[in-house]
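This briefing is meant for someone who is looking at the structure for the first time.

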Amino acid sequence: MVSKIIITVLSVSGITGFLALILVIAEKIFADYGVCKVNINGEEDIEVDGGKSLLFALKEKKIFIPSACGGRGTCGYCKVRVIDGAGPLLPTEEPMLSKDEMKNNMRLACQVKVKKDIQIQIPEELFNIKEYKTNLALLKDLTYDIKLLHLELIEPKEINFKAGQYVQLETKPYGDIKETVMRAYSICSPSYEKNYIELMIRRVPDGICTTWVHDFLKEGEVLNIIGPMGEFYLREGESDIYLIAGGSGMAPIVSILYHILHEKIERNVLFFFGARTTKDLFYLDVMEYFEQNIPNFKFIPALSAATNKDKWEGEKGRITDVINKYIKDRDNSQAQGYLCGSPGMVKACINVLNSNNITNDRIFYDPFA
Amino acid sequence: MKETPLEKSLYRNFLPGILTKDGFIGEDKRHIHDIIEEDIRELERLGISEVELAKKLQELIDFGKKNLEEDVRYEHFIINVRWSRGMLPCPFGEPPLHYKIYAKITNTKLDKTIVVTQLGIHLMEKHVFFYGKGSKYRLEPVFLYDFLFR
Amino acid sequence: MPELSPLVIFIASIFTGNILLVYFLGMCSFLSVSRQIKTAFGLGIAVTFVLAITSAVNYIVYYYILLPFDIEYLRFIVFIATIAGVVQLLEMIIERFSEVLYINLGIFLPLITVNCAILGVSLFMIIRHYNFIQSVLFGAGSGIGWTLAIISMAAIRERLVEKKIPAALHGPGIALIIAGIMAMAFIGFSGIVQLQ
C-alpha cells in the first residue's frame, strides 16, 4: 500500500516535473530572442534585448517614438518605416495604417516585436526628444481654472525646442490613484530660454493630470518630462500671421510671440483669443508688452458671454465671428493660420479661415488638439 | 469567472486613474461582463434599444459642440459642452481614440440634469456599457429613456 | 487490438465516429467559437495539432510508464497534465513562428486545454486498445472531424445572422438545435464503416 502511494506520488511528480522542464527549455529556445541590432536611418546601430516591442526597446535606449496610448495600438502616433526585419503585418496594425503607408513599409512601433536584426527609418527630429528631470520652481494661478507651471531643468540642464512645441508631463500617484500617466502640454516660455520651460495647464473635468496639478501638486516637487515634440511652430515667410487660441491654447502662441519679438520678425500678426468672460482672460500685461514691442502686432480678445458687470469694451461674440470680421477684407492669399485650443474651436475657426481664402496647406495646429 | 491574462489587463483600464480619474466602475463589485449582461436584460425587458439612447445623446452633444462652452437650447434641453485637448482610448482596447467631450444636459421639462461624455456614448452604443453603479456617469436605462424621450 | 487498418480508423473518426457530432465531446468551444468561419477554422487546426500530438505522447506515457508501474488509475491526472503541457508548447511555437496566427487565435489557444474532446480521445484510444499508429491517426482524424463540424456550424450560423429566430432560441438555443440536426445527418455516414 505504502509503496503504491510512493510510486503514485513519484510518477505524477516525475511526469509533471518533466513536462515543466520541457516547457522551461522551450521557453528559453522559443521566447528568447537574444540581443538584436536596430539600425536607424542607415547610420546608427543600437543593441536591444529581443522580444520587446520596437517602441519600448527604443525607449529603453532613450529614443522616444511619440505615443499617446502607451503602446496599446490605438493612437497610431508611433508609425515608423521598417525597411527590413519586422515580419508580416499584424492584424493589430492594419486598422491604423492606410494603403499608402502599408506600401511604404510603415509599421506601428508598439506592435512590431524585435525578434531579429531590424532596419528602421525615423525622422531626425525624434533624436532631439529626451527625458528631463525638472524642479517645479513656481506654481501660480492665471485664472480660476488655469495654472502656470515653471519647471527648472535639473538633468539635462538644457533643452532645445521650437516655439510652439509641446512636452509630455508624467503625473505622480495621488489620492486614490496609484498609477502614473503622460499628458501633453504646450510650452509657453521663450525658446531662447534653454534652462527652464513653462506650461499652462487648464482643469479638465475628471482629468487625471489636471486634477493632480490643480489640487495636489506643490512647488518644489521633481517632475519628469519628455520632449520637445510636435509640428506646431512658426513657418518661414513674409505673409500675414493669424494666431488663434482659446483657454490654455494660448501657451504655444505666447512662445511663438516671444520668438517673433526675439527674431525681430516684421510680419503682420493678429492674435485672436476666444473666451467667455473677463474671468477667463490672463497674461493681458504680457500681451500689452508684445503690442508695444512687436511692430505690426495686435491682440484681439473676444468674449462670448460678457456681462454688463464686466464692462467689457473689446470685441464681443463668438471668436469665429470676430475673426471673420477682421480678416474678410484683407488679402489672405499668402496668410498663415496657427491655431491652438479645444478641438471644437479649432475646427470651427479653420472653417472661417477656409472661407476667407486660406487653404489648409497654410493652416497649422497640433493634431492632439 | 476564468479570465485570460489579456482580459485581466484589459479590465485594468476600467479602474480609476488608468484612463480617467474616476474610472468606469464606480463602486460596482460586479464583473464587467455581468454589468453589461444585466443592463442588456434590463433593456430587453423595457423594450429600449441602447442604440436609440446613444443616437439621441449624440444628437444633443453634436448640437452643443457648435457652441464653445456656452449653454445652448435644443428642443427642451439646455446643453453645455466642454471639449478639451487630447484623446482617450476606449477601455475595451479597440481603436479609434475618442475626443474628450464633456456635456451637461438639462431637461427643462423634468428639471433634471445629466452629465455625459463622448466616450460614454461610444461605450453605450458599441459595448452596451452604462458604467458601474456608483459611478457619476452611470445612467440607468429607465431613467435615461424618460430623460431623453418623455 | 482491433484488426482495423489505421486508415479506416482515420476516416471513421472523421465521419461515422465524429468526436463532436456522435460522441458530443468538445461542445463548449464548439458552441462559442462557431460564429465565424475564419476563427472556427483556426481553432480547428489548433485542436487537430493538439489531438495528434497528445495521442502520441499519452500513448507512450500510458504504455511505458503508467502500465509498467501498475498505476493506470492515474491516467486522468497525467493525461490532463500532458495536454496542458502540449498546449503551452504549441502556444510558444505559434507565437514565435507566426505572430499573425497567434493574435488571430487569441484566447482560443489556451482554451484548448479544457476541451473535453482532447481528453476523450486519449481515453478512447486506451479503451479500444489501439496501437501507436492507430492512436495517432485516431487523434488526427478526430481533430479533422471536429474541425469539419465546427466549420460547418460556423457556415450555417453565418447565414443565420440576418434571419428571424424566436427570441428565446437566440445563441445557444439555435446552436444546439443545429448541432442536433447535424448529428442526425452524420448518422447517415454510419453505413460506411462501423467502429464500436
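**Salt bridges within chain A**

A:Glu101 has a relative accessible area of 22% and is therefore partly exposed. The model in which this residue is seen is a predicted one, and by the rule used here 30 salt bridges are counted over all chains.

- A:Glu101 forms a salt bridge with A:Lys79, and the closest N and O atoms of the two are 3.1 Å apart. Because A:Lys79 lies in strand β3 (residues 79-84) of chain A and A:Glu101 in helix α3 (residues 99-103) of chain A, the pair ties together parts that are 22 residues apart in sequence.
- A:Lys79 also counts as partly exposed, with 26% relative accessibility.
- Another salt bridge joins the side chains of A:Lys147 and A:Asp141, at 2.7 Å from N to O, and A:Lys147 counts as buried at 13% relative accessibility.
- A further salt bridge is the one in which the side chains of A:Asp240 and A:Arg330 meet, at 3.2 Å from N to O. A:Asp240 lies in the loop between β11 and β12 of chain A, and A:Arg330 in the loop between α7 (319-327) and β16 of chain A, so this pair ties together parts that are 90 residues apart in sequence.
- Within this pair, A:Asp240 is buried, with a relative accessible area of 15%, whereas A:Arg330 counts as partly exposed at 31%.

**Strands and sheets of chain A**

- Strand β1 (residues 35-40) and strand β2 (residues 44-49) of chain A run antiparallel and are joined by six bridges, with A:Val38 standing opposite A:Ile46 in β2(A). The hairpin of β1(A) and β2(A) has three residues between the strands, and A:Asn41 takes a positive phi near 55° there.
- Strand β8 (residues 166-170) of chain A is largely enclosed by the rest of the structure, because four of its five residues are buried.
- β8(A) pairs in the antiparallel sense with strand β9 (residues 182-186) of chain A over five bridges, and A:Tyr166 stands opposite A:Ser186 in β9(A).
- β8(A) is also joined by three bridges to strand β11 (residues 222-229) of chain A, the two running antiparallel, and A:Leu169 has A:Ile225 in β11(A) as its bridge partner.
- An open sheet of six strands in chain A has the order β15-β14-β13-β12-β16-β17, with parallel pairing. The edges are taken by β15 (315-316) and β17 (363-365) of chain A, each of which has a single partner strand, so one side of each is left without a neighbour in the sheet.
- In chain A, strand β12 (residues 241-246) and strand β16 (residues 336-340) pair in the parallel sense over five bridges, and A:Ala245 stands opposite A:Cys340 in β16(A).

**Where chain B meets chain A**

- In this interface, 29 residues of chain B are in contact with 35 residues of chain A, and the area buried between the two chains is about 2,800 Å², of which carbon and sulfur atoms give 55%.
- Three salt bridges are found across the interface of chain B and chain A. B:Glu70 forms a salt bridge with A:Arg276, with 3.1 Å between the closest N and O atoms.
- A network of salt bridges links A:Asp145, A:Arg202, B:Glu69 and B:Arg82.

**Exposed places**

- A nonpolar patch on the surface, with about 650 Å² of accessible area together, is formed by A:Met1, A:Val2, A:Ile5, A:Ile6, A:Val9 and A:Leu10. A:Val2 is placed in helix α1 (residues 2-31) of chain A and counts as exposed at 58% relative accessibility.
- C:Ala168 lies in the loop between α8 (132-160) and α9 (172-187) of chain C, and with a relative accessible area of 78% C:Ala168 is exposed.

Methods:
Residues numbered from 1 in each chain as written. Chains lettered and ligands numbered in written order. Predicted model: local features only at pLDDT ≥ 70, side-chain atom pairs only at ≥ 80, totals over all residues. Heavy atoms only, no water. Pairing = 2+ DSSP bridges. Patch = residues over 30% accessible without salt bridge, like charges linked within 9 Å, V, L, I, M, F, W, Y side chains within 5 Å. Areas by Shrake-Rupley, 256 points an atom, 1.4 Å probe, with all protein chains shown as cover. Salt bridge = Lys/Arg side-chain N within 4 Å of Asp/Glu carboxyl O. Buried < 20%, exposed > 50% of the residue type's maximum accessible area, 1.4 Å probe, protein only. Contact = heavy atoms within 4.5 Å. Buried area = accessible area lost by both parts, 1.4 Å probe.
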